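Here is a friendly briefing to read alongside the structure.

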There are 2 protein chains.
Amino acid sequence: MKISEVSKIYDIPVDTLRYYEKEGLIPTVNRSQSGRRDYTQEDCNWVEFIKCMRSAGVQIDALAQYVKLFVQGDDTIEQRKNILVEQRKKLEEKIKEQRKTLALLKAKIENYESVVLDAEKNLK
Amino acid sequence: MKISEVSKIYDIPVDTLRYYEKEGLIPTVNRSQSGRRDYTQEDCNWVEFIKCMRSAGVQIDALAQYVKLFVQGDDTIEQRKNILVEQRKKLEEKIKEQRKTLALLKAKIENYESVVLDAEKNLK
DNA sequence: GTAAAACTTAAAGCCGACTTCAAGTCAAGC
DNA sequence: GCTTGACTTGAAGTCGGCTTTAAGTTTTAC
């Protein structure tokens with residue numbers, strides 16, 4: 001599969017796909033004789049995985065480290081798991097923080113709504 | 001209150017406090033005759049609010065816009081509310097996205113755990 | 001067969017959000 | 001009274017994560 005097709009399917013700019021590969025977020029993609037990328041299904045699975053992780057803010061470094069270990073083989077399974085566990089923890093904490101902010105936002109909005117209601121009362 | 005005290009209380013670097021003020025995330029803080037910042041309780045409330053919003057990734061622009069409207073007075077109540085509503089929506093979507101990623105992470109981790117278990121079985 | 005579109009790499013540029021630096025003024029403790 | 005540390009501003013630097021540019025090659029459509 002060509003890079004433009006992968007770009008379309010996963011809605012990721014071709015430049016970003018190349019950038020991800022350069023940074024090691026995806027194992028190296030095979031090239032045709034003329035040097036063009038030819039994505040396999042496995043490559044696509046990586047792209048999908050990385051897209052999901054990046055959408056939640058998982059850092060480039062952590063993902064590159066994970067892929068590096070993956071490429072090294074089965075001896076790195078424990079280390080890879082540890083990376084995922086760490087990211088899970090980070091993400092859980094982030095969500096917790098955001099729920100707090102969300103609660104504050106909701107309270108403020110309610111406050112604005114009651115202010116508006118009071119203003120309307122005074123008009124009557 | 002001096003900037004160093006505010007910095008300590010809210011655990012925000014003094015440089016960041018000055019930066020936030022410069023960018024309009026906090027209404028201008030009063031100065032002493034010698035030009036030094038003297039934070040009131042209200043200023044501190046702003047700092048706390050901004051800290052919470054920033055911790056959830058609410059953008060500088062949106063917060064600056066909110067403060068700008070606040071300073072303009074009561075005619076901007078509706079607009080201010082709209083900013084908060086928009087940010088609430090963004091945050092809800094972000095949390096939703098992250099929960100998806102969290103689910104994927106958890107599934108992967110479980111998978112690694114069963115791989116490790118299987119490996120142990122083979123050792124027996 | 002030729003022109004337009006898609007691909008390649010390496011390097012530079014950009015954006016948001018700080019962070020550090022330079023050069024100076026002021027305040028508090030001894 | 002003088003030194004040390006906290007403060008001031010404006011400008012430059014940094015960092016993560018892309019995005020754009022330049023300069024070239026290959027494929028595709030007509």
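In this predicted model, a side-chain N or O atom of Thr16(B) sits 3.1 Å from a phosphate oxygen of DNA strand C.

**Around DNA strand C**

- There are 18 residues around DNA strand C, and those that come nearest are Ser4(A), Arg18(A), Arg31(A), Arg37(A) and Arg54(B).
- Two elements each give two or more residues to the surface near DNA strand C, namely helix 1 (3-10) of chain A and helix 2 (14-22) of chain B.
- Helix 2 of chain B gives the most to this surface, with four residues.
- Sorted by class, the residues near DNA strand C are eight charged, five polar and five nonpolar.
- Sugar or phosphate supplies 76% of the atoms of DNA strand C within 4 Å of the protein, and bases supply the rest.

**Around DNA strand D**

- DNA strand D is surrounded by 18 residues, and the closest are Arg54(A), Ser4(B), Arg18(B), Arg31(B) and Arg37(B).
- Of the atoms of DNA strand D that come within 4 Å of the protein, 78% belong to sugar and phosphate.
- Phosphate oxygens of DNA strand D are approached from both chains: one is 2.9 Å from a side-chain N or O atom of Ser34(A), and one is 2.7 Å from a polar side-chain atom of Arg31(B).
- A base is reached as well, with a side-chain N or O atom of Arg36(A) at 3.3 Å from a base oxygen of DNA strand D.
- Helix 2 (14-22) of chain A and helix 1 (3-10) of chain B are the elements that give two or more residues to the surface near DNA strand D.
- The largest share of that surface, four residues, comes from helix 2 of chain A.
- By class, the surface near DNA strand D has eight charged, five polar and five nonpolar residues.

**Helix 1 and helix 2 of chain A**

- The axes of helix 1 of chain A and helix 2 of chain A cross at roughly 105° and come within 9 Å.
- The two helices, helix 1 and helix 2 of chain A, are therefore roughly perpendicular to each other.
- From helix 1 of chain A, Ile3(A), Ser4(A), Val6(A) and Ser7(A) meet Val14(A), Leu17(A) and Arg18(A) of helix 2 of chain A.
- This contact is made up of four nonpolar residues, two polar ones and one charged one.

**Helix 3 and helix 4 of chain A**

- Helix 3 (residues 41-55) and helix 4 (residues 60-72) of chain A pack at an angle of about 150°, and their axes are 11 Å apart.
- That angle makes helix 3 of chain A roughly antiparallel to helix 4 of chain A.
- The crossing of helix 3 of chain A past helix 4 of chain A is right-handed.
- On the helix 3 side of chain A, the contact residues are Glu42(A), Trp46(A), Phe49(A), Ile50(A), Met53(A) and Arg54(A), and they meet Ile60(A), Leu63(A), Tyr66(A), Val67(A) and Phe70(A) in helix 4 of chain A.
- Nine nonpolar and two charged residues form the contact of helix 3 with helix 4 of chain A, with no polar residues.

Technical notes:
Residues are numbered from 1 along each chain as its sequence is written. Chains are lettered from A and ligands numbered from 1 in the order in which they are written. This is a predicted model: local features need pLDDT of at least 70, side-chain atom pairs count only at pLDDT 80 or more; totals for chains, interfaces and linings use all residues. Side-chain values use heavy atoms; hydrogens and water are left out. Axes are lines fitted to C-alpha atoms, for helices over the stretch in contact, and angles run from 0 to 180 degrees between N-to-C directions. Angles under 35 degrees count as roughly parallel, over 145 as roughly antiparallel, 65 to 115 as roughly perpendicular and the rest as oblique. A crossing is left-handed if the near helix is turned anticlockwise from the far one by less than a right angle, and right-handed if clockwise. Contact means heavy atoms within 4.5 Å. Ala, Val, Leu, Ile, Met, Phe, Trp, Tyr, Cys and Pro count as nonpolar, Asp, Glu, Lys and Arg as charged, and the others, Gly among them, as polar. A residue is near a molecule or strand if one of its heavy atoms lies within 4 Å of it. A polar contact is a pair of N or O atoms within 3.5 Å; within protein, one must be able to donate a hydrogen and the other to accept it, and residues adjacent in sequence count only if both atoms are side-chain atoms.
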